[in-house]
Amino acid sequence: MMIPESIAVLGGGLTGLSAAFHLSRRFPRAQITLINKDSRFGGWVRSERARVSFKNHSGKHEEADVLLEAGPRTLRPNAPSVLELIHLLNLTPSLLTVPKSSAAAKSRFLHIPGVAGIDRIPSSLLDFLKSDNAYLARILLSAVLPEPFKRWNRPPGAEDESVDEFFTRRFGRDFARVFGSALVHGIYAADSRKLSLRTAFPSLWDAEERGRGSIVTGFLRTPANSKSREEEEPYELGDVQDRMRDVSVYSFTDGIGTLVSALVKYLREQPNVRMYGGVDVMGLRLNPRNKRFEITTSSRETLTPTHVVSTLPLYRLRKALPPSTPLPHLTSNTYSSVTVVNLVFPSPPPSSPPLHPAGFGYLVPRPVEGYSATGPGILGCVFDSSSTASQDVFHGDQGITKMTLMLGGPYSSPSQPSAPPPSTPSINIPSLLTTVSHQLDRPLPDPVLVKTHTNAQCIPLFSVGHLQRMEELRAVLAGEPWGGRMEVVGAGVGGVSVGDCVEAGRGVGRGWR
Ligand SMILES: C=Cc1c2[nH]c(c1C)Cc1[nH]c(c(CCC(=O)O)c1C)Cc1[nH]c(c(C)c1CCC(=O)O)Cc1[nH]c(c(C)c1C=C)C2
């Protein structure tokens, strides 16, 4: 393997930024060029502040400066690669943590389509017994209690299946539709009948093996120790891990965008890094004679790096390559589009009930009749005020309640990778608010701010067999003519969470020595 002289990182979302950060430290002599289609870096991360003013219940003028997130809003502390960036970029002072003991950590709700109101999802035996929703309690108890005694029913020779098939097989049809589909809405904004179990929830597949067919038994058995990432290259964590003790989720005072801004600032200051914003990758080919890559850009430049890291969505990488390039599986997945609606309401006076119970938010499972194109297509709603209220600044005494609705995913037509991104759907806000008021089963005041943002094709829908396909892609890239000098990573390859993206960026170029 040849030491990189010059590296092009394609894509300036979190994977690309993390890749450029770690490559610039690992290969200080290499020239690194990060190319991002948008002039704004960070991909789906978009944190913005807005000022709202309104009259409170006693007619007094109030003002608030609110933080709105159009993409990820909280992070889980289980990703050491993100904690490492927080330490290395000195972001600890702006950390904002949500303790495990808070309602935002402990309470998640479900809205059953057609039934007004939301119900807390039981998370312990005591919760089951206390649950006042007989329908949910029945589905859960009849699914979970008999599962350890059910025979091992994975189809012989199966290497993967959909999340829905898996849950139906082990826990029954109702559990799969209500809980399985809601879980998939809340992470992948996708249809659980199309999502690969082994890619989306590998721990469930492994638990079934450990439990010799039973997931419940499998989770009660300790997994065998696998070689940890820590042993390969220790994380530089400083005291950030201590700060994360008993933390459920965290963000920053100015939102997740803080991480992006700090990475961009760091990279701009490095003498061996060039940042190209607002520049698209038009073509990418490998020159067989000198083994260099040739990258043509929308700014009419041709770069000839020795090494490439592509963090582009796979279908965009496919488009950049000559059609005859035999790189497999770049168009096997579709992508979900999610419309995010930030809603800010004046909080009710202390004598009135709050607009929602304290908790993380609620999810809406797949309706019995399936996804219909009519209606707003609400997948779930995050109660931001329960977890990240301290990001907002009030001038007054009533305050605001902030929620975020997530719409679309399987309700909008699936996006084929080759198709142009779907146009922003027009949303009827009054009708949307009527639906939310029904879902919460309480009246809502007029919002003081509504902000809509459509993230077109933002979450890859890993179809069944994805892991195997990605192994085949990696094997081709490791062989000739590529010789391991191009790595393909990112949400579309290895996982959709911020932690997955940052970890993938951290791992590139390990073999380039
Ligand atoms: C309703 C739609 C969505 C909500 N969040 C997302 C969507 C599409 C996106 C999302 N949520 C999670 C991830 C993975 C990141 C990670 O840190 O693991 C992504 C991309 C986390 C997550 N959200 C929920 C669950 C069960 C998880 C897995 C990790 C965990 O247990 O914390 C549930 C959930 N998501 C949303 C709501 C309203 C909700 C529960 C009430 C919003």
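**Sheets, helices and a ligand shell**

User: Hi! In what order do the five strands of the open sheet with parallel pairing stand?

Analyst: The order is β9-β2-β1-β13-β20, an open sheet of five strands with parallel pairing. Strands pair here if DSSP finds at least two bridges between them. Helices (H or I, at least four residues) and strands (E, at least two) are DSSP runs numbered from the N terminus. This is a predicted model, where local features need pLDDT of at least 70 and side-chain atom pairs count only at pLDDT 80 or more, while totals for chains, interfaces and linings use all residues. Residues are numbered from 1 along each chain as its sequence is written.

User: Which strands stand at the edges of that one?

Analyst: β9 (273-277) and β20 (486-488) do; each has a single partner strand, so one side of each is left without a neighbour in the sheet. From one strand to the next, the twist averages 15 degrees. Angles run from 0 to 180 degrees between N-to-C directions, and axes are lines fitted to C-alpha atoms, for helices over the stretch in contact.

User: And how many bridges join β2 to β9?

Analyst: Five, with β2 (residues 31-36) running parallel to β9.

User: At what angle do α1 and α19 pack?

Analyst: About 35 degrees, and the axes of α1 and α19 (residues 498-507) are 7 Å apart. Their crossing is right-handed, the term for a near helix turned clockwise from the far one by less than a right angle, with anticlockwise called left-handed. On the α1 side the contact includes L14, L17 and H22, and on the α19 side V498, C501 and R506 are among those they meet. By class, that contact has seven nonpolar, five polar and one charged residue. Ala, Val, Leu, Ile, Met, Phe, Trp, Tyr, Cys and Pro count as nonpolar, Asp, Glu, Lys and Arg as charged, and the others, Gly among them, as polar.

User: New topic: how many residues surround the ligand?

Analyst: There are 20, the closest being G186, G361, G380, M406 and S497. A residue counts as near if its C-beta atom, placed from the backbone, lies within 6 Å of the molecule or strand in question. The shell around the ligand divides into 12 nonpolar, six polar and two charged residues. α7 (173-188), β15 (361-363) and β16 (378-382) each supply at least two of its residues.

User: Where does the ligand lie relative to domain 1 and domain 2?

Analyst: Between them, because both domains give residues to the shell around the ligand. Domain 1 is 6-37 + 278-332 + 463-507 and domain 2 is 54-78 + 333-461, bounds that come from an automatic or database domain assignment.

User: What separates the centres of the two domains?

Analyst: 34 Å, taken over C-alpha atoms. Their contact takes 12 residues from domain 1 and 12 residues from domain 2. On the domain 1 side, α14 (314-320), α18 (491-494) and α19 each supply at least two residues. That side has six nonpolar, six polar and no charged residues.

User: What's the order in the open sheet of seven strands?

Analyst: β7-β6-β15-β16-β18-β14-β19, with mixed pairing. Here β7 (119-120) and β19 (449-461) are at the edges. β14 (residues 334-346) pairs with β19 in the antiparallel sense over 10 bridges, and L343 has V450 in β19 as its bridge partner.

User: Last one: which residues does the cis peptide bond join?

Analyst: E480 and P481, with omega about 10 degrees. P481 is in the loop between α17 (466-478) and β20. Another backbone spot to check is A189, not a glycine, yet with a positive phi of about 50 degrees. A189 belongs to the loop between α7 and α8 (197-200). Most residues other than glycine have a negative phi, and most peptide bonds are trans.

Notes:
Contact = placed C-beta atoms within 7 Å.
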